[in-house]
Amino acid sequence: MSFFGYIFQDWKANRGNVKGRLVMPMFRLVNAINRYTFTKIIFFPYLMFYRFFVEWHLGVELPRKLIIGRNFIFYHGQGLVVNNKAVIGDNCILRNGVSIGNKKLADVARAWVTT
C-alpha cells in the first residue's frame, strides 16, 4: 500500500480522535523516512522533532522502525509504549497505558528450557 493510502485510512479510522489524527501521519512520515540512509540524513531534524514532540511531549512511544498495518487506532495514547521490533497488524486498537515489548534474558538458550 502507498504512503498516502495509509495516511487516508488512518485519518478515517481515527475520526473524532484529535491525538490519533495528529500522531499517525507523523508516524507514517517518520516510518517512510527511516527506509533509506539518505533520507535519514536529510530529514534528521524531523526525526528529532518527532522524537521530542510525539514520544516525550505527547507520551506516545511509536518508534520509527515499528511496523503498523492499516486502520490503526489508539485512544488517549498517554503512556503508550511499543517496542520497535513489534509488528502490529491491520485494524488494531490500543488504549492508554499499553506496553508491548520484549524481555531480554542473559542466556537465550536457557529461556526455552523447562526443568
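This section describes the predicted model as a whole and then helix α4. As the model is predicted, local features need pLDDT of at least 70 and side-chain atom pairs count only at pLDDT 80 or more, whereas totals for chains, interfaces and linings use all residues. Residues are numbered from 1 along each chain as its sequence is written, and side-chain values use heavy atoms, with hydrogens and water left out.

The protein contains five helices and seven strands, arranged along the sequence as α-α-α-α-β-β-β-β-β-β-β-α; helices (H or I, at least four residues) and strands (E, at least two) are DSSP runs, numbered from the N terminus. Of the 115 residues, 35% are buried (under 20% relative accessible area, with exposed over 50% and partly exposed in between; 1.4 Å probe, protein chains only). Contacts are defined by heavy atoms within 4.5 Å; among those between residues at least 6 apart in sequence, 33% join residues at least 24 apart.

Helix α4 spans residues 44–57. From the first C-alpha to the last, its 14 residues reach 19 Å, close to the 20 Å expected at 1.5 Å a residue (1.5 Å times one less than the number of residues). Tyr46, Leu47, Tyr50, Val54 and Glu55 are the buried residues of α4. These residues lie on the same side of α4 because they cover an arc of only 110 degrees around the axis, the arc being that of the directions from the helix axis to the C-beta atoms. Their cover includes α2 (18–33), α3 (37–42) and β1 (60–61). On the face turned away from the buried side, α4 carries the exposed residues Pro45, Trp56 and His57. Just after α4, Gly59 adopts a positive phi of about 75 degrees.
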